[in-house]
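Here is my note on the model, written as numbered points. Please keep the structure open as you read.

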Amino acid sequence: MDYATLKDLKPSEFENAADGYREVSNMASQAKDQLNNQVIPGMQKSLEGEALDAAVTQLRELSKNFQYAQVECGLISAALNALALELRTAKVKLDLAVDDAGDANLKVREDGSVSYSAWSEKPGGTSIPGGNVSGGNSLVQGPGINPNHNVAQAYASRIAEAVKEAAEADAEWAPKLRNLKADDDPTVSHRDWADTQKDMRGTRKGAGDYMDLILEPPKDGTPQENAKWWKALSEEQRSDYVSLNLATVGTLDGLPSEVRDEGNRYVLRTSTADLELERANLVGQRDMLSPNGRYSVSATTGRIKDIDKKLAGLEQVQEHLDSAGKKDVPELYLLGIDNEKNGHAIISVGNPDGADNVTTYVPGMNTKLETIGKDIDRAESLYSQSVAMGDPDKKYASLMWLDYDAPQNPVSVAQEKLADQGAPVLNEFLDGLQVSHQGEPAHDTLLGHSYGSLVSGKMLSGDETPPVDAAIFVGSPGVGVDRADDLNLSPDSVWAGKSANDVVAGLPTRTIYNPWSWGERPFGVDPTAPEFGGNRFGVQDGSKWPLFSAHSLYWDENSESLKNMALIVNGEYPMSGTVPE
């Protein structure tokens with residue numbers, strides 16, 4: 001970068017290039033969505049066989065490539081905008097210095113140096129010759145110095161400083177932009193996905209000045225504050241912020257579900273990549289020390305097993321996201337994902353932002369990322385049943401919410417601590433659904449199962465105006481209160497059901513077999529009991545053996561319980577059980 005280059009530079013060309021890469025990123029996103037939501041489901045509905053399976057596998061890889069291109073092109077766009085800002089700032093400084101020098105009757109030469117004229121103290125007196133100065137030199141003092149020298153030197157230094165700033169920006173961004181490219185092989189590997197995180201960090205670090213122009217989301221903001229922040233951004237600012245903070249936007253309650261979905265799908269890819277790479281490294285270490293793994297260090301084998309469990313959960317999430325179009329299930333939205341502790345995930349079957357009826361299911365004990373597939377299946381089953389029994393002109397969304405640490409053993413399930421921690425998180429999420437919803441308010445139903453009913457009950461009782469219209473409890477050991485009135489909903493909107501053979505929901509009131517406390521149910525009055533003051537709906541009896549089999553039957557296909565829950569979700573009375581007069 002030199003004076004002549006900066007003088008002729010047009011920062012708008014970099015901004016135009018950024019617009020172009022943003023458009024490519026959007027096109028890649030649209031191509032990915034079209035493959036996942038139209039092309040592949042359409043093929044699966046009309047074709048079958050090995051050829052279909054092979055084609056779908058290849059199209060899934062192509063979709064992954066489009067997603068990778070979307071991420072990288074978005075980063076390039078943000079990087080170019082950041083570079084353009086720094087170059088524009090330097091060029092403005094240069095242009096001002098050149099103009100000021102001209103106003104002072106000084107000449108700026110082609111190399112950026114400044115010429116000044118001769119000077120004499122009085123007409124006809126001794127003349128001090130003029131000259132030429134370059135930036136970086138100090139001002140001079142003393143007798144016999146041409147005053148024009150220091151004036152010219154000041155302008156020359158301003159010009160040199162502007163050129164230096166532009167050169168530093170060029171030197172910083174050139175390698176960053178060169179790194180924002182894929183390998184020359186056609187496969188997007190785990191290493192490629194892991195590298196996108198490094199690319200993102202590097203670009204975000206270099207784009208500090210540019211990002212200062214984009215408002216940051218409020219720290220620990222409410223859903224309402226997050227939504228206000230998002231709406232205040234321009235389309236370009238939204239695009240660049242998302243490109244540089246994909247993992248962040250997926251966690252912000254109140255943002256549009258489509259935006260959160262993009263961010264969390266990226267987190268799903270990178271989390272899988274990080275775990276796969278860590279696993280490969282650990283296996284390499286283990287096999288180097290013990291080729292057959294027989295004498296491997298227990299900590300290493302333990303970590304490998306932990307990684308395998310988390311990878312199994314992430315794979316189940318990915319498989320469900322890839323199942324759009326099967327079993328009459330619409331596009332799924334990933335509204336939360338992480339592998340901290342036992343892992344967390346939030347998945348919506350259908351877009352809740354545009355749905356008329358929205359149900360949020362909170363699972364209970366032993367729920368974790370490793371086995372999350374069955375809980376997503378439950379959300380899908382309720383979605384399908386609600387659609388089948390509902391108004392064909394209405395839109396539906398059925399969510400599975402696991403963003404709390406569900407108890408994993410009898411000790412933790414006997415305590416309310418995890419429910420106390422999960423309730424406010426659930427409240428924030430449900431508030432966010434209402435904030436991001438478009439059009440007329442949805443009919444929102446909260447469905448708590450097992451320990452999840454306690455989480456749900458604590459959320460409802462802790463909010464004077466809870467963000468749902470109705471509540472359903474199934475297989476519940478108690479919801480934290482003894483009366484439906486305490487849930488801050490009309491008792492007519494509180495429903496509960498339990499199987500006759502559900503040992504969790506049927507915990508006896510007074511018996512030595514109650515492991516929680518002597519003489520009391522663990523978490524309050526049975527919500528299906530008349531004294532609770534809510535409504536009860538019919539549930540099939542189920543089997544007495546295995547012991548806990550009836551605790552999981554509420555989503556059985558075509559079952560009495562599933563149909564009744566679907567009717568309640570649709571704002572109707574169940575077809576069996578107690579119905580208020």
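**Charges and cores**

1. The side chains of E278 and R303 form a salt bridge, 2.9 Å from N to O. (A salt bridge is a side-chain nitrogen of Lys or Arg within 4 Å of a carboxyl oxygen of Asp or Glu.) E278 lies in helix α10 and R303 in helix α11 (residues 298–321), so the pair ties together parts that are 25 residues apart in sequence. (Helices are DSSP runs of H or I with at least four residues, numbered from the N terminus.)

2. Keep in mind that this is a predicted model: local features need pLDDT of at least 70, side-chain atom pairs count only at pLDDT 80 or more, and totals for chains, interfaces and linings use all residues. Residues are numbered from 1 along each chain as its sequence is written, and side-chain values use heavy atoms, with hydrogens and water left out.

3. Buried or partly exposed: which is E278? At 30% relative accessibility, E278 counts as partly exposed. R303, at 27%, is also partly exposed. (Buried means under 20% relative accessible area, exposed over 50%, partly exposed in between, with a 1.4 Å probe and protein chains only.)

4. R265 and D261 also meet in a salt bridge, at 2.9 Å from N to O. Both sit in helix α10 (residues 257–289); they are four residues apart, so about one helical turn separates them. R265 is buried, and D261 is buried too.

5. D420 pairs with K458 in a salt bridge, with the closest N and O atoms 3.1 Å apart. D420 belongs to helix α14 and K458 to helix α15 (residues 451–461), so this pair ties together parts 38 residues apart in sequence. D420 is partly exposed at 42% relative accessibility. K458 is buried at 17%.

6. Salt bridges with shared partners link E278, R303, D306 and K310 into one network. How many salt bridges are there by this rule? The count comes to 25.

7. Now the nonpolar cores. The largest has 82 residues, and V317, Y451, L460, I472 and M565 have the most contacts inside it. Helix α14 (residues 417–436) gives the largest share of this core, seven residues. Apart from it lies another core, of 53 residues, including A97, A101, V242 and V249. (A nonpolar core is a set of buried Ala, Val, Leu, Ile, Met, Phe, Trp, Tyr and Cys residues joined through side-chain atoms within 4.5 Å.)

Notes: Helices (H or I, at least four residues) and strands (E, at least two) are DSSP runs, numbered from the N terminus.
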